[in-house]
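Please read the following briefing alongside the sequence and the 3D structure, which are shown here before the discussion begins.

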Amino acid sequence: MRYDLDLVNQLCREIGLVVRLDNDHRIEVDLGRDAVLCVQNAEREEDCLIGFLGMPWHAHDNLMFADARGNYIELDYLDLLTGLKEGRILVCEREVKGRTVDIWLVHSEYNDELKYLEEGERIIVRRATVRLA
């Protein structure tokens, strides 16, 4: 799926997410605390992705969030951005020894992320940073 980067840029600016156009193929959305969400198009459509700068988590096409009971919700990339603004989509950061080792997105209602916490890890779940109008 190709992402409409002009539309992403416009929507982010309208809802208060800090955004910068990195190049013709990628836009970066600053969600605060060094969490930069990249929306990136590639030559091959199947290589287009959404992911965090310098982190392994990424997704292609729509994003699906599920809970432990099998309930789920699927969001397209524009709904994902509005969900970040509204606090329905949250930034989840995993820290080991005070260093962030992974960042990903979770849904406020459809998630089961916290049961995987290991000794010595710290999980921070927070809202994205949004500019006030």
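**R126 and its surroundings**

R126 touches L31, G32, R33, A35, L90, V91 and E93, not counting residues up to four places away in sequence, where contact means heavy atoms within 4.5 Å. This is a predicted model, in which local features need pLDDT of at least 70 and side-chain atom pairs count only at pLDDT 80 or more, while totals for chains, interfaces and linings use all residues. Residues are numbered from 1 along each chain as its sequence is written, and side-chain values use heavy atoms, with hydrogens and water left out.

- R126 lies in strand 10, residues 121-126, where helices (H or I, at least four residues) and strands (E, at least two) are DSSP runs numbered from the N terminus.
- With a relative accessible area of 14%, R126 is buried; buried means under 20% relative accessible area, exposed over 50% and partly exposed in between, using a 1.4 Å probe and protein chains only.
- The side chain of R126 reaches the backbone oxygen of L31 at 2.9 Å, and a polar atom of this side chain lies 2.6 Å from the backbone oxygen of G32.

**Nonpolar core**

- The largest nonpolar core has 35 residues, and those with the most contacts inside it are L31, L37, L84 and L105; such a core is a set of buried Ala, Val, Leu, Ile, Met, Phe, Trp, Tyr and Cys residues joined through side-chain atoms within 4.5 Å.
- Elements that each supply at least two residues of this core include helix 1 (5-15), helix 2 (77-86), strand 8 (89-96) and strand 9 (99-107), and the largest share, five residues, comes from helix 1.
- L105 touches, among others, L31, L37, F52, W57, L80 and L84, not counting residues up to four places away in sequence.
- L80 is found in helix 2 and is buried, with a relative accessible area of 1%; under the exclusion of residues up to four places away in sequence, the contacts of L80 include L37, I50, L63, F65 and L105.

**Helix 1**

- The buried residues of helix 1 are L5, V8, N9, L11, C12 and I15, and they pack against strand 1 (18-23), strand 2, strand 3 and helix 2.
- D4 caps the N-terminal end of helix 1, with a side-chain oxygen 3.3 Å from the backbone nitrogen of D6.
- Helix 1 is followed by G16, whose phi is positive, near 95 degrees.

**Aromatic pairs**

- The count comes to two aromatic pairs, under a rule by which rings of Phe, Tyr and Trp (its six-membered ring) pair if their centres lie within 6.5 Å, with planes under 30 degrees apart counted as stacked, over 60 as edge-to-face and the rest as tilted.
- The ring centres of Y3 and Y77 are 4.9 Å apart and the planes stand at 80 degrees, so this pair is edge-to-face; it links distant parts of the chain, with Y3 in the segment before helix 1 and Y77 in helix 2, 74 residues apart.
- F52 and W57 form a tilted pair, 5.7 Å centre to centre with 50 degrees between the planes, and both F52 and W57 are buried.

**Cysteines**

- The structure holds zero disulfides, a disulfide being a pair of cysteine sulfur atoms within 2.5 Å.
- The sulfur of C38 is 12 Å from the closest cysteine sulfur, in C12, which is too far for a bond.
- C12 counts as buried at 0% relative accessibility, and C38 counts as buried at 5% relative accessibility.

Methods: A polar contact is a pair of N or O atoms within 3.5 Å; within protein, one must be able to donate a hydrogen and the other to accept it, and residues adjacent in sequence count only if both atoms are side-chain atoms.
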